[in-house]
Amino acid sequence: MKGLRLLPWSDPDGKPCYLAADSGDSPLSRRADEIEALQLDMGTQLLSHATALLADNKASNRELRFLADRLTEALTDVLRVAESRGERLLAYDDGA
């Protein structure tokens, strides 16, 4: 996938989307950067909420299940960001 950027969203069928661009400064690339930053921030906030909820002995099973679902979504987003950035680092190291 050298030269392609994994975007932080999927197509309607759940397949990954990629961007082929000469620079990382295109409007779509900047939008992807903004969404990645938002996803990482949301993950940080969710982790803080999870820490508080898990410390609450009165948290219900429903609350914990909801939390687990949100954490799964956040982890999926963060892993996609990490994959995308890792691929771009490898392309940069290869002189692409």
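**Exercise 1.** In which helix is Ser-84 found? State whether Ser-84 is buried or exposed, and list what Ser-84 touches beyond four places away in sequence.

Solution. The model is a predicted one.
Step 1: locate the residue. Ser-84 belongs to helix H2, which spans residues 61-93.
Step 2: compare its area with the cut-off. Buried means under 20% relative accessible area. Ser-84 has a relative accessible area of 1%, so Ser-84 is buried.
Step 3: list the contacts. Leaving out residues up to four places away in sequence, Ser-84 touches Arg-5, Leu-6 and Glu-36.

**Exercise 2.** Describe the order of helices and strands along the protein chain, and find which element has the highest mean pLDDT and which the lowest.

Solution. 
Step 1: count the elements. The protein chain has two helices and two strands.
Step 2: read them along the sequence. The pattern is β-β-α-α.
Step 3: compare the confidence values. Helix H1, residues 27-55, has the highest mean pLDDT of the elements, at 95. Helix H2 has the lowest, at 90.
Step 4: look at the whole chain. The average pLDDT is 89, and 89% of the residues score at least 70. Where pLDDT is low, the predicted coordinates should not be read in detail.

**Exercise 3.** Which residues form the largest nonpolar core, and which element gives the most to this core?

Solution. 
Step 1: name the members. The largest nonpolar core has six residues: Leu-46, Ala-50, Leu-53, Ala-59, Leu-67 and Ala-74.
Step 2: assign them to elements. H1 and H2 are the elements that give two or more residues to this core. H1 gives the most, with three residues.
Step 3: follow one member. Ala-50 touches Leu-67 and Leu-71, not counting residues up to four places away in sequence.
Step 4: In soluble globular proteins, nonpolar side chains tend to be buried together.

**Exercise 4.** How many aromatic pairs does the structure hold, and which residue lies over the face of Phe-66?

Solution. 
Step 1: count the pairs. The structure has zero aromatic pairs.
Step 2: examine the ring of Phe-66. Arg-70 lies over its face, at 4.4 Å from the ring centre.

How values were computed:
Residues numbered from 1 in each chain as written. Predicted model: local features only at pLDDT ≥ 70, side-chain atom pairs only at ≥ 80, totals over all residues. Heavy atoms only, no water. pLDDT = per-residue confidence, 0-100. Helix = DSSP H or I, 4+ residues; strand = E, 2+ residues; numbered from the N terminus. Phe/Tyr/Trp six-rings, centres within 6.5 Å; stacked < 30°, edge-to-face > 60°. Lys NZ or Arg CZ within 6 Å of the ring centre and 35° of its normal. Buried < 20%, exposed > 50% of the residue type's maximum accessible area, 1.4 Å probe, protein only. Contact = heavy atoms within 4.5 Å. Core = buried A, V, L, I, M, F, W, Y, C linked by side-chain atoms within 4.5 Å.
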